[in-house]
Amino acid sequence: AFRRRPRAPSRAGFARTGRQLAAESEWGYRVSRTVLRGGHVFDGTGSPAAAGDVVIENGRILAVGPGLDGDEQADMTGLTLLPGLFDCHVHVMSSGVDLLRRLQRPFSYQFFEAAVNLRATLDCGITTVRDAGGADIGVQRAVEDGLIDGPRLRIAITVLSQTAGHGDGWLPSGLSMSLRVPYPGRPAGIVDGPEEMRKRVREIVRAGADVIKVCTSGGVLSPRDNPRHAHFRPDELDVLMAEAAAAGLPVMAHAQAMEGIKNAIRAGVRSVEHGIYLDDEAISMMLQAGIWLVPTLIAPVAVLEAAKDGVRLPDGVAAKAEEVVGAHRESFARAVAAGVKVAMGTDSGVGPHGQNLRELTLMAEGGMTPRDVLVAATCSAAELLGMQDEAGVIGPGMRADIVAVAGDPLDLANLKANIRAVYKDGRRVRG
C-alpha cells in the first residue's frame with residue numbers, strides 16, 4: 001500500500017499519527033487510498049443499509065459516506081458492503097465426524113487439512129474465527145504471517161474435560177479414540193481435581209491461548225457420556241476461573257446439560273456454547289450475568305447428515321444427535337425471545353467447513369430477524385471476542401474487513417452464493 005522514492009529512510013517504529021504523516025510527506029511517501037464506490041453499506045450495527053462509499057487506507061477504514069475519493073477505485077454498484085463475518089466456534093483442525101478415517105491419517109495431516117479448511121471459511125466472507133479446540137499458535141501465526149490463506153484466529157488450543165467427559169475418547173475395548181493428540185504447543189485436555197485443573201490451565205496459557213475452553217457437560221460426539229449430565233465440580237471450575245482471570249483470558253463453556261449450563265454461569269464464563277437444554281432459570285441467569293450464547297444449531301444436523309451418508313459413528317452418537325435437535329431449537333428460540341445476547345458460531349469441523357453460513361438460516365428460523373442474524377455474525381460477535389474496537393463494524397478506524405454481496409443481503413439462504421468480493425485488512429482476498 002506504500003509507494004516511496006529511492007533512498008527514502010526507514011519508517012519502522014512510527015505509529016499512524018500526525019508525526020508519521022508529516023514524515024511521509026517529508027520523505028516522499030504517499031499512502032495509497034482505495035475507495036469502494038457506488039454501493040450500499042450495512043455497517044453491522046443493525047441500521048438499514050444506506051448508499052455510501054468506503055475509503056480504505058493502510059488496512060483500515062478511513063471514511064464512510066457519499067462522494068468519497070481515492071487513488072484507486074473499485075466499482076461496487078449494485079452491491080451491499082457488509083463487515084467481515086465472524087464464526088465464534090470452529091475446529092479448523094477437523095473435517096467431519098468420520099472417526100475411522102481420521103484415526104488412520106498421519107499426525108501431521110491435520111495441519112495441511114487446516115489450511116484447506118481456513119480457505120473454505122474465508123470463501124464464506126468470514127474474516128475472523130474463534131477456534132474452540134485444536135489449532136495452536138503455529139496455525140494462528142501462519143495465517144498472520146501470510147503463509148496460509150484464511151481468517152484471523154482466536155484460539156482455545158485445548159478443550160478441558162473431566163475423565164468420562166466430552167473430551168474423553170475411551171471405548172469399552174479399552175482403546176481411546178482421542179482426536180486431539182497432545183504435543184508441544186497443545187497440552188492434554190483430561191483433568192480431574194482442582195490442582196490438575198490449575199496446572200493445565202497454566203500450560204494452556206503458556207501455549208498462547210486467547211480463550212480457555214471447558215466442558216461443563218457431556219456431548220453428542222463423545223462415546224461414553226450423556227449431554228444431559230453436568231461435568232466438573234464447583235471447586236474445579238473455581239480454580240479454572242481464577243487462573244483464567246489471572247491471565248486476563250475469558251472462558252467459553254461447552255454446556256449442553258441444564259445443570260452444566262447453570263454451573264458454567266455461576267462460575268462466570270463469558271459464553272455458553274450450544275446451550276441445548278436451557279430452562280427459564282438458566283435463561284434468566286444468563287440475562288442477569290450478561291453471558292453470551294453461541295448456539296451452533298447446525299452441529300447436530302451435520303452429525304445426522306453424516307450418518308445418513310453412511311459415515312460409521314460410535315454406538316449411540318446418532319441417537320444422541322437425533323434427541324438433541326428439537327430441544328436445541330426450542331431452547332434457542334426461548335433464549336432469543338427473552339433477549340439473551342447471541343453470537344454466531346457453527347462448530348464447523350463437526351460439519352464441513354465452507355458451509356458455515358447455513359447457521360444463519362437456522363438462527364432466523366429460531367426467531368431472530370435476518371438483520372439481527374447479521375448483527376450476531378458481525379458487531380455482536382466482535383464484542384464477544386473483545387474485538388469491538390477493531391472489527392465487526394464498517395466505520396472509520398476499523399479493520400477493513402468487508403464483504404461485498406449482490407442481491408438482498410437479508411436473503412440469508414443465498415448469502416454465500418451472492419458474495420462477490422471479500423476484503424481482509426484492506427486486501428482483496430476473494431472476488
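Trainee: How many bridges join E8 to strand E9, and do the two run parallel or antiparallel?

Mentor: Residues are numbered from 1 along each chain as its sequence is written, and side-chain values use heavy atoms, without hydrogens or water. The model is predicted: local features need pLDDT of at least 70, side-chain atom pairs need 80 or more, and totals for chains, interfaces and linings use all residues.

Four bridges join E8 to E9 (residues 126–131), and the two run parallel. Strands here are DSSP runs of E, at least two residues long, and helices are runs of H or I, at least four, numbered from the N terminus; two strands pair if DSSP finds at least two bridges between them.

E8 belongs to an open, parallel sheet of three strands, ordered E8-E9-E10. E8 (85–90) and E10 (152–155) are the edges; each has a single partner strand, so one side of each lacks a neighbour in the sheet.

Parallel pairing also occurs at E12 (residues 212–215). Strand E11 (residues 159–160) pairs with E12 over two bridges, with Val159 opposite Lys213. From E11 the chain passes through helix H5 (residues 194–207) to E12, a right-handed β-α-β crossover; right-handed means that, with the strands pointing away from the viewer, the path from the first strand over the helix to the second runs clockwise.

Four bridges then link E12 to E13 (residues 251–255), again parallel, and Val214 stands opposite Ala253. E12, H6 and E13 form a right-handed β-α-β unit.
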